Amino acid sequence: MSIDFEAAKQNLLQLKEEYQTRIADIEDHIQNPQDDLNEHWEDQAIAYRQNDMRKNLIVEAQQSLGYVDHALSRIESGSYGECEVCAEPIEAQRLQALPYATLCMQHAE
């Protein structure tokens, strides 16, 4: 399997930018809510639940950002596209679907 490392790097850098933007947007929305909240406790309860959901989205985006950073470091070290368990090549379809994959299909299951 031949990997276009430059294309993979560009794809990962784009993903990194998307995750960073997503995190910043969500954090901004939490700190500066755009809805006018009434003083009713029902409205406050909804706002708290929405903020909890947003915080979960931030955690998910930060985790994905970490995966992207790890994949970028693997490109730099020359180990991108190799399974971290068996050192065999990761399937091209898997890398297309999940560019920061670190395991081949066999070890991902």
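The side chains of arginine 74 and glutamate 84 meet in a salt bridge, with N and O 3.0 Å apart. A salt bridge here is a side-chain nitrogen of Lys or Arg within 4 Å of a carboxyl oxygen of Asp or Glu. Arginine 74 belongs to helix 2 and glutamate 84 to the loop between helix 2 and helix 3, so the pair ties together parts that are 10 residues apart in sequence. Arginine 74 is buried, at a relative accessible area of 6%. Glutamate 84 is partly exposed, at 44%. Buried means under 20% relative accessible area, exposed over 50%, and partly exposed in between (1.4 Å probe, protein chains only).

The model is predicted: local features need pLDDT of at least 70, side-chain atom pairs count only at pLDDT 80 or more, and totals for chains, interfaces and linings use all residues. Residues are numbered from 1 along each chain as its sequence is written, and side-chain values use heavy atoms, with hydrogens and water left out.

From the N terminus, its elements run α-α-α-α. Helices (H or I, at least four residues) and strands (E, at least two) are DSSP runs, numbered from the N terminus. Buried residues make up 29% of the 109 residues in the chain. Among contacts with a separation of 6 or more, 57% join residues 24 or more positions apart. Contact means heavy atoms within 4.5 Å.

The salt bridges number three. One of them joins glutamate 76 to lysine 9, with the closest N and O atoms 3.1 Å apart. This pair links distant parts of the chain: glutamate 76 sits in helix 2 (residues 41-77), lysine 9 in helix 1 (residues 5-31), and 67 residues separate them. Glutamate 76 is exposed, at 58% relative accessibility. Lysine 9 is partly exposed, at 25%. Aspartate 69 and lysine 16 also form a salt bridge (3.0 Å, N to O). Here too distant parts are linked, with aspartate 69 in helix 2 and lysine 16 in helix 1, 53 residues apart. Both residues are partly exposed, aspartate 69 at 33% and lysine 16 at 23%.

Arginine 94 lies in helix 3 (residues 92-97). This arginine is buried yet has no salt bridge. Its nearest side chain of opposite charge is glutamate 91, 5.1 Å away. For charge, Lys and Arg count as positive and Asp and Glu as negative, while His and the chain ends are not counted. Beyond neighbours within four places in sequence, arginine 94 contacts Ala101, Leu103, Cys104, Met105 and Ala108.

The largest nonpolar core has 21 residues. Such a core is a set of buried Ala, Val, Leu, Ile, Met, Phe, Trp, Tyr and Cys residues joined through side-chain atoms within 4.5 Å. Leu12, Leu15, Tyr19, Val68, Tyr80, Leu95 and Tyr100 touch the most other members. Helix 1 and helix 2 are the elements that give two or more residues to this core. Helix 2 gives the most, with seven residues.

Twelve residues line the largest pocket, and the closest to its centre are Ile3, Ala8, Ala92, Leu95 and Gln96. Helix 1 and helix 3 are the elements that give two or more residues to the lining. A pocket is an open set of points on a 1 Å grid over the protein atoms alone, where a 1.4 Å probe fits, with protein on both sides within 12 Å along at least five of seven lines; lining residues have an atom within 4 Å of a point.
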